[in-house]
Amino acid sequence: MTAAGPLAFPGSRVLAGWWPQLAPLRPRKLWAGHFLLHRVEALVEVSRPVGLDPFHRLVLQALDLVPQPTVPALDAQLHLGPQFLSRVLHGLRADGLAEQGGAGAWQATALARQALHQGSYEQVHQERQVFHFLNAPRRAAPPFLDVRRPAAAPCAAPEGWAFDPAQLDACVRQPLEWKRQRGFPEEVRQVLGVRGLNGSVPPAAAWQQVVVDQPEHLLAVVALVPAEGEGERLLGFGVKQEGWALQGGEPAFAVGGGWQELFPGLAEELPADAWRQAWRAWCQQRGLPAAEADASTLEPHEQRLRVQAPAGLLARLRAARSDALKREAWLLVGGGNVRRVALLEVVQVGA
Amino acid sequence: LAARQGVLYSHQLPAANGAGDPARHLIAHLLAGTPQDLEPVCPTPVEPDDAALDDVQREAVARALATPDLCLVQGLPGTGKSRVVTEILTQAAARGERMLFLAPGPEPVDRVLESLAGREAVCPLRLLGRDERIEELPPGVRGFTLAEQERRLREESIPTARREAEAAEERCRLRRGAAPLWEQLLDLAGRLEQLAGQVRSLDEAHARAGAEVEGEAAAPENAGPGATAPDAAPFAAGLRVALQARDGTLARLDADLAKLTTRLAELRREQETLAARLQELASLVEARRHRRWWVPAWWRAVFRGKVLQEAEDFQTRRQQADAEVRGLEEEGGRLRAEQDEARQRYAAERGRLTAAEIARRQADLSCRRAALEQEQVQLDAKWRAARGQLPANPLPPAAPTRRAVEEAREASALALRREEECAAFGHRWAACLEESAAGFGERLLAMANVVAGTTSGLAAAAGADLAGFDLLVLEGADQVTDAEFLTVAARARRWVLVGQSAEAACRPAAAQPARSAVPYPGFFERLWLHLHCDPRRLPYAWVEENGGLCCRLRPVTAAESQYLESERVADRPDIELRILTPPRREPVLAEVVFPPSMSIAKAKEYVFRELEQLPVRALGTSLRWHEDAERVVLRLGDGPAHAAVPVALEVGVRETVHARPGEVNGAGSPASSWHTCCMEFERCAGWHRARAEQWVRRHLGLCDLGRTARLDVPYRMRRDLAAVAAEFLFPGEYRLPPAEAAPDLGVPAVEFLPVPPPPDPLKGAAVAPGPRGGRRSRGAAAAPVATLPRRGGAGLELDLADPRHRDRLPSELRPDLPARGLVNYLEAQAAVRALEAILAEPAVRAAAGAAGGVAVVALYPAQAELIRRLMQQSPALAAADMDVRVDVPEAFRERECLVAVVSLTRSHSHRAVSYGAGPDALVTALTRARSRLVLLGDAGTLVRRGQWTNPLDHLDAAASAREHAIVARLVDYLQGRGAHPHAFQFREGSLQ
């Protein structure tokens, strides 16, 4: 776990180093940011399609074949030994495929018949799953974020850190369309223990229902890229702060439609002043006269910031063999935890 | 916290010290002596499969199932640990849990597995250690090994499935081959049905024949000839002839009768006419005859003339008419008689003809029926033959009817379809088993909900997926170290440790277990001390002093007693307070002395009210809560109800105490006389279990964490034997069973046969064992105190490694004995003689089969071998025809027997010696018997050992102390100081 320290952002060269990995995505906008996540681990009931293996298929068929399918009668057909067979049957019952009726006779359930017919069935079981929620102090409830890669690292909980498990329950109850859009696992049917620990649960099993919230820190480069069709997607790539290594390839998270709702800050256009301040700071860092910087015209366009600079400033950049002239200089725009990233294109005024 | 918040934040989780290994974390926590952090567990009652489990055993099962982490079950030998483990495994399996069941040795594992056999909820898998071989396992357990189950799959299940599939195919083939038979059967059934109908018709006709013939016979009379059946012409002709004859006769007679009737009518008219005329003339005749001329009639007769003549004529004519009428009437009667006769003749003839016709017709029907029956028999034979060719299942047609055949054919078709399905299924199943045979081990491992083995065997199965168990049950936990436990504990979420108390054997009688009596308590013992709430650890005692009661609030040693200062209570000067004021320490109230006039109830109430202390002295080893509709009761010991004294402490809370004189308290002082039986909390005063527990915790500092259970009722043993064994081995630890669980053989439960026999005090020589039997000494009065040597034994033991010792044995025995080891030849002979006597007892022979037989336990392997050799030479034992197992104690672990003969072997001339492998072996040897324990040993050597308190031979201080304690208590009995003299017999001769 790392303690919360001053937020560090990648420099121009680091960003330039990442660009070859990001360029193929044709990003329309880029951001670099620190995100605080609730890593919520909870016991959930999930339902997944499972193939019916031949062994269980035949055992289920035997239930129909044997006239009074008690364990001894079934064992006379299957020769597995009553104790092993009993375990197999109890396993089938746990999966909802078999049930025990009167006089100890077993029978296949409707689900089993469906499984025999289709070759697969929906298996319902309980497991502890991890869900990520984006910490949003200004919002009422942290929204769900589908973090697919373990790109985030545990960190200390900031002041006022809190999570209401009802938020997770609310996600489960969202419509399928919403889940698909947000990448919420569709197979989750129910969150257990959210409405308080069930008193009927034996103490030995009660601990499994405890919801655990772990704060995590995710440093990511977020790219708004065109999606198939007309839309656009927001992809977040994790960054290892140590060595500023971009975890390219599969994104840490991907949000389709509705990303503006999830990241409202990213949806807002930066004011011209912010661009101007970023440009001025960039020039200041390189010892360029403030007057020439202020005389430049700034035109942000997608992931680029086109700067029409006076000839003097351009000459100075040439003299300093600046990356900006090679289109390899990157600029961080804005403040806060998430900042806009833009590629500098410096041209002469009137060009 | 999680329940309150709804969520736990990571910073609220315990520190990740050993977080990857919760067992390590918990055990470290517990061994550090901080179990208070654990939430108490309140188990819910269970309904056990084994209905014979007592309340304590059920509670142990419930606690093991309910624990969220750890549960300890401690039990002395014979108290049902294995039964409890069996029940825990069964119940947990029924709840869908997966368990790992381990023990340091194979015996407890196999014993439990044997009792799990046949319980459907449990699917056990026995792991084999590197040093274990499958053929060494009990037969009932071999089937649980992976190798055996795989072998069974390959060699039995798959071939059987194949065979059954082929058999089903064969049945199908037979069924299909029988298809033409159904047509034949249908045809036969049709014909048989037809024949049956015909027979039925004939029978009906037979029954109808009489009526028909009668009808036919009547028909000619009514309708004339022609109404009869064509085949009945003779009958009809005869009937016609008879009828004609009758009719002819009747016609003739009718004609005669008609004439006669006509004439008779004429005559009757004439008679009437004549009678009228005579009547008319009567007055005239009367007057004329009597000449009554004065009457007109005379004159009319006169004028009429010939009146008299006329009257006479009339009279004559009348007489003639009368005569003729009579004649005619007679004739009429005759004619009518003839008519009747004709009719009767006809009726007789008709009857004859009818009977003959009926007989003829019935004979004809019978003949036809017989022919039909013959045909039926032939068809029935064909039916049976065809039916016999049908498969027996489903049943062939029950009756030779087309309907039955159709039904049977449908059932057969259904059976054929089923057989076809079976055959196809059987082939698929066999193929599936063959395909899955390679992975069957993995499947079995995944399916097995009880994976059992020795702790070392688990290490051998390292490749298998042996993790993620819900419950680890470790029997023999007292024999494992914490490191060994932690090695296996990571495989399960919860742990149940079952073990035996080493401490119990070391504790002096009735001593308070304020701290462990074992010098270096093991892992299990330490956990037990921290987790188990033993009310005997309370420091209080109530003793009698100068006729009054003294309440000891803390033990005061002899050295501390000099610092006791006495002080009188200001408002109760008859009550004395003794305050311990050691130098440089805070003074503490140590004792309160009450006047003789103050009862225990008043004294207790006073201490509770004024000093706010609850000095409870308990004999029970556990807190035993009991609830009923009226009260919550905490039992702290057992006591006689009649001697109980109630003490009211506060509203609804009552303490019950009873007196038990003569006990030695924890401080070593005599006469702690009052013990608490129970604390009762009345529900009507608002008490419930949680509140009562809180009260007990506040006032006594006792809190049952619900993670320990102590089994202390020796169900294995007869009560007398249990009482003596308890005193030898575990003083104060056994609670005697409420009823006899073992057969009573009618002799003292424990017998000691000294080898050599003690010297005769008169002659100074040993009393040789002989057929006259031993001198029986009962109780302290008859104990041979003076006869026991005090300085050493007889020196009868022989070390086989020493050639000079070996040469003292008979030459024929030497080659068969091991190269090294201790033997005692005289004792071995005595053991065989004792065995001969025991096996000759009818009670033993009757009960041995069901109760585990007779066993000889020798403390040394060489002695066991020597006894085996001598037994082979005994004709009496050969004739007894009863298996007697002879072995060392280790071989009898988890075994029991009706009678155990224990050969202690050691007989050293001068020094103290140890017995066997150690005190555990001695405990094992002395706790195997159910009804009778026969000890053979050198009394002098035992006495010498009882005098030696230091480490000895291979025994460390702890083991030596345990062995010394056991031997010393045995010597107490030998010297007549035992608490149960009626159950112990010192025999100076043999058993015969």
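In this predicted model, helix H2 (residues 54-65) of chain A packs against helix H5 (residues 110-118) of chain A at an angle of about 120°, and the axes of the two helices lie 11 Å apart. That angle makes H2(A) oblique to H5(A), since angles over 145 degrees would be needed for roughly antiparallel and 65 to 115 for roughly perpendicular. The crossing of H2(A) and H5(A) is left-handed. On the H2(A) side the contact is formed by A:Arg57, A:Leu60, A:Gln61 and A:Asp64, which meet A:Ala112, A:Arg113, A:Ala115 and A:Leu116 of H5(A).

From helices we can turn to aromatic rings. A pair of aromatic rings is described by the distance of the centres and the angle of the planes. Over all chains, the count comes to 32 aromatic pairs. One of them joins A:Phe131 and A:Phe184, whose ring centres are 5.5 Å apart and whose planes stand at 15°, so this pair is stacked. The pair links distant parts of the chain, for A:Phe131 belongs to strand E4 (residues 120-134) of chain A, whereas A:Phe184 sits in the loop between helix H7 (176-182) and strand E7 (188-191) of chain A, 53 residues apart. Both A:Phe131 and A:Phe184 are buried. In chain B, the rings of B:Phe681 and B:Trp687 have their centres 5.2 Å apart and their planes at 55°, so that pair is tilted; B:Phe681 and B:Trp687 are likewise both buried. Returning to chain A, ring pairs join A:Phe131 and A:Phe184 with A:Phe133, A:Phe144, A:Phe163 and A:Trp178 into a cluster.

A:Glu216 is found in strand E8 (residues 212-226) of chain A, and because its relative accessibility is 7%, A:Glu216 counts as buried, the limit being under 20%. Leaving aside residues up to four places away in sequence, A:Glu216 touches A:Phe35, A:Leu36, A:Leu37 and A:Arg39, together with A:His132, A:Ala152, A:Ala153, A:Pro154 and A:Cys155.

Finally, chain B can be viewed as a whole. Its secondary structure comes to 29 helices and 27 strands, and of the 992 residues of chain B, 50% count as buried. Among the contacts in chain B between residues at least 6 apart in sequence, 73% join residues at least 24 apart.

Notes
Residues numbered from 1 in each chain as written. Chains lettered and ligands numbered in written order. Predicted model: local features only at pLDDT ≥ 70, side-chain atom pairs only at ≥ 80, totals over all residues. Heavy atoms only, no water. Axes fitted to C-alpha atoms, helices over the stretch in contact; angles between N-to-C directions. Helix = DSSP H or I, 4+ residues; strand = E, 2+ residues; numbered from the N terminus. Parallel < 35°, antiparallel > 145°, perpendicular 65-115°, else oblique. Left-handed = near helix turned anticlockwise from the far one by under 90°. Contact = heavy atoms within 4.5 Å. Phe/Tyr/Trp six-rings, centres within 6.5 Å; stacked < 30°, edge-to-face > 60°. Buried < 20%, exposed > 50% of the residue type's maximum accessible area, 1.4 Å probe, protein only.
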